Each structure stands twice: as structure tokens, then as C-alpha cells.
Amino acid sequence: MTQPAANMRIDGDRLWDSLMEMAKIGPGVAGGNNRQTLTDEDGEGRHLFRRWCEEAGLSMGVDRIGNMFARREGTDPDALPVYVGSHLDTQPTGGKYDGVLGVLGGLEIVRTLNDLDIRTKHPIVVVNWTNEEGTRFAPAMLASGVFAGRHELDWAYDRKDAKGKRFGDELERIGWKGDEEVGARKMHALFELHIEQGPILEAEGKDIGVVTHGQGLRWIECTITGKDSHTGSTPMNMRKNAGRGLALITELVHEIAMKNQPNAVGAIGHIDVYPNSRNVIPGKVVCTVDFRSHLPEKLHGMEAEFYERAPKLCEDIGVGFEAEVVGQFEPPAFDPGCVKAVRDAAERLGYSHMDIVSGAGHDACWINDVAPTAMVMCPCVDGLSHNEAEEISKDWATAGADVLFHAVVETAGVEG
């Protein structure tokens with residue numbers, strides 16, 4: 001077994017054309033995509049991906065939560081496969097590259113190996129994970145979480161969207177509920193290519209991010225309870241304003257995150273205000289605090305300080321406060337050997353690179369529990385993602401896929 005030669009490169013034009021072809025499915029209203037999980041558009045995107053995989057000579061397997069696995073055989077029938085991929089589902093106002101680059105970059109590896117007539121010792125499997133985004137069915141990274149044993153399959157089936165539709169029912173409706181036991185597959189390693197979704201690589205002028213860690217996360221759902229009453233006729237000193245509690249909690253989250261700089265973030269994203277009327281003082285607010293850090297001590301410390309201080313802030317203004325953790329994972333540290341393969345590939349190919357921490361959650365973060373895992377990142381314009389204006393260049397996509405190709409093929413073992 002040898003490393004792939006430094007002159008071996010993927011076909012950047014073919015990769016880009018595939019990205020643009022997939023983007024025609026579930027077009028957004030402003031140039032991006034709306035291909036939410038288990039919609040008809042998701043089903044159509046899956047069919048296109050399957051057709052491309054079959055044209056590349058791959059065999060397709062699908063598990064009971066809809067994860068798609070396209071396999072290229074290796075020369076050693078007993079060798080565990082090297083997996084590579086990401087997700088095809090998008091946000092409601094998503095871009096054309098988030099997740100999709102990782103899946104089609106994996107397919108491009110296989111196409112390039114076919115072009116060069118190269119065999120690998122280990123099989124290579126290109127994977128599309130179901131419901132990475134979590135925007136229609138919470139939580140995010142749902143199917144990879146079931147695969148890794150973080151969630152139970154029946155619990156995942158019972159997740160409901162805003163219209164009350166069950167995940168399991170919608171999976172069957174679009175025809176992508178497979179027969180394989182979820183998590184039964186064993187992996188030699190997994191690699192995931194993704195756009196950075198942040199501004200660091202572009203600002204630093206780097207082609208490649210070598211992802212060493214993912215961020216740990218705490219989602220804390222807070223319920224602030226006051227008393228809804230008329231905004232015009234209720235005296236200021238007699239109000240129980242849940243909206244004011246929200247304001248205090250929002251500032252607290254910002255303060256805690258700033259105290260823990262660098263390498264920590266915090267904000268309130270989701271907010272529901274009741275009754276949400278112009279002339280009614282809010283009687284209840286439900287909001288979700290999002291704390292993240294790749295350093296466990298900072299993540300735990302921010303959570304502890306929040307629980308210590310938030311109830312008192314609300315008590316002081318006469319409103320109630322309750323909180324529960326609705327999403328969490330500890331910071332994943334990616335496999336040193338796989339990370340080295342990514343770094344070495346960038347060096348061998350002459351791409352500028354830097355170590356980076358993933359600011360977002362990814363399927364690789366869950367799979368890291370059960371297999372050696374690493375990620376490759378490429379820049380995105382202004383760090384913008386989860387937005388239809390999300391943009392990358394063909395050169396960035398090509399560089400990321402080149403590094404992915406070399407890391408995966410080296411790990412899979414070139415026969416020669």
C-alpha cells in the first residue's frame with residue numbers, strides 16, 4: 001500500500017457541475033435551497049444521488065432511518081470500509097453547499113478512482129445522513145445520533161414537525177425507509193468535508209481547515225412566566241412582564257459568554273412570546289439558550305453560572321423561571337491519526353491550511369463516538385451559512401475535495 005501520488009486530483013469542474021445540478025432540486029426563493037428533510041424535494045435529491053452512485057458502479061444500502069450508503073468494493077473482503085460523506089437536507093432558507101459538498105465530494109472521490117483505475121484495500125462508502133439540519137424534526141444530527149447510539153430509533157420515529165407530522169411516517173411516505181439495522185455497520189474511519197460556516201479561513205487566507213475538535217453544546221430551554229395584561233392600562237409597578245425577563249436573560253447569556261473568551265459562544269436563538277400581541281404585556285416567553293465551547297471546563301462553567309443567576313434575575317422582577325436541557329453533547333476531539341491524514345494531504349498538495357475548531361455540530365461529531373473520525377473544511381464567503389446567500393468558490397470546493405480524496409484514499413490504502 002502506498003500514498004496517492006501528489007499529482008492525483010479530483011475533477012473540480014465535474015464536482016461543481018454536480019453541486020449545481022443538485023441545487024436545481026428544492027430551489028429557494030433567493031438563489032439557495034429549501035430541501036428540508038423527508039419532504040418530496042429531499043426524496044427527489046436522494047433519487048438523483050442514488051442514480052449518480054449507480055452510474056459510478058456503487059451498490060446502495062439504506063437503513064431503517066433512511067441513511068444512504070453507497071459502496072465501492074475494496075481488494076480485501078475482510079477490511080472495514082472507509083466512510084465519507086455528509087448530508088443532502090437543507091435549512092428552509094439554506095445554501096447550495098452546506099452538507100451537499102461533503103456528499104458529492106465523497107462521490108467525486110469514487111469517480112476519480114474510477115477514472116484512474118485505482119483500487120483500494122478497504123472499501124469506500126459514500127454516506128448521506130438523514131436529517132442533519134434538524135430544522136423540521138428536532139434535534140439536529142438525528143439519524144447519525146441513532147447510528148451512534150445517542151438516540152433510540154423509536155424515539156426518532158416519534159419526532160414531530162410544526163404540523164404534527166411524525167418523522168417515521170414521513171420517512172415511509174417518501175419511500176426511503178430501508179431494511180438495515182441502524183448502527184450495525186462497522187467503520188475503519190469516517191471523513192466529512194464541509195464548508196466552514198464561519199469567517200476564520202477566509203479572513204486568514206487559508207485554503208483548508210484541519211478540524212481538530214468540535215464544539216460541545218448545551219441547549220437550555222427556558223420558560224419565563226409572568227401575567228399577560230393590557231399594555232396601556234397596567235401601571236408599571238404592577239406589571240409581571242415576561243418580555244422583560246427575556247431581555248435580562250438575553251443580556252446574561254451574552255455576559256457569561258464574553259467572560260469566557262476566547263473559545264466560547266452563547267446566544268438566544270429560538271423565542272416564542274405569548275400571546276404575542278401588540279397591546280398585551282407578554283405573559284409567557286419560551287426561549288432556548290445556546291452555549292458552545294470545545295473546552296469542557298468552559299462549557300460546564302457557563303451552564304452552571306447560568307443556572308445560578310437566571311432564576312434570581314427573574315425573581316427580582318416578579319416573574320417565574322424554569323429551565324431544562326433539551327440538547328447537549330460533550331466536545332468531540334477527532335481522531336489524531338485521521339486528523340494527521342488530512343493535514344498531511346494538505347501539505348502534500350501544497351494547499352495553505354490551519355487547525356480549526358468546528359463552530360457547528362456535524363454528523364461526524366456523533367460518529368466520532370463509534371469510529372475514528374476527522375473533518376476537512378473549506379472557506380465560505382463572509383462566513384455566511386444557513387442563508388440562501390451562502391457562497392463558496394469552485395477553487396475552494398476543489399481544494400477541499402482534493403484534500404478529502406488524499407486523506408480517504410491514503411486511509412483506505414492504495415494497492416500498488
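## Briefing on a predicted model

The span of residues 215-312 is 36% helix and 35% strand, and its end C-alpha atoms lie 29 Å apart; helices (H or I, at least four residues) and strands (E, at least two) are DSSP runs, numbered from the N terminus. UniProt, in an unreviewed entry, lists these residues as "domain: Peptidase M20 dimerisation"; its positions are given in the numbering used here, the feature names are shortened, and annotations may be inferred rather than shown by experiment. The model is predicted, so local features need pLDDT of at least 70 and side-chain atom pairs count only at pLDDT 80 or more, while totals for chains, interfaces and linings use all residues. Residues are numbered from 1 along each chain as its sequence is written, and side-chain values use heavy atoms, with hydrogens and water left out.

**The sheet and its helix**

- Four strands form an open sheet in the order β9-β11-β7-β12, with antiparallel pairing, where two strands pair if DSSP finds at least two bridges between them.
- The edge strands, each pairing on one side only, are β9 (265-274) and β12 (320-329).
- Strand β11 (residues 284-293) pairs with β9 in the antiparallel sense over eight bridges, and Val 273 stands opposite Val 285 in β11.
- Helix α8 (residues 242-259) packs on the sheet, touching β7 (216-225), β9, β11 and β12, with contact meaning heavy atoms within 4.5 Å.
- The direction of α8 makes about 170 degrees with that of β9; axes are lines fitted to C-alpha atoms, for helices over the stretch in contact, and angles run from 0 to 180 degrees between N-to-C directions.

**Nonpolar cores**

- The largest nonpolar core has 94 residues, and among those with the most contacts inside it are Met 22, Phe 49 and Leu 104; such a core is a set of buried Ala, Val, Leu, Ile, Met, Phe, Trp, Tyr and Cys residues joined through side-chain atoms within 4.5 Å.
- Helix α12 (residues 394-412) gives the most to this core, with eleven residues.
- A second, separate core of 23 residues includes Cys 222, Ile 268, Cys 287 and Met 302.

**Backbone details in loops**

- The peptide bond joining Tyr 274 and Pro 275 is cis, with omega about 0 degrees, and Pro 275 lies in the loop between β9 and β10 (280-281).
- Asn 263, in the loop between α8 and β9, has a positive phi of about 70 degrees although it is not a glycine.
- At 38% relative accessibility Asn 263 counts as partly exposed, given that buried means under 20% relative accessible area, exposed over 50%, and partly exposed in between (1.4 Å probe, protein chains only).
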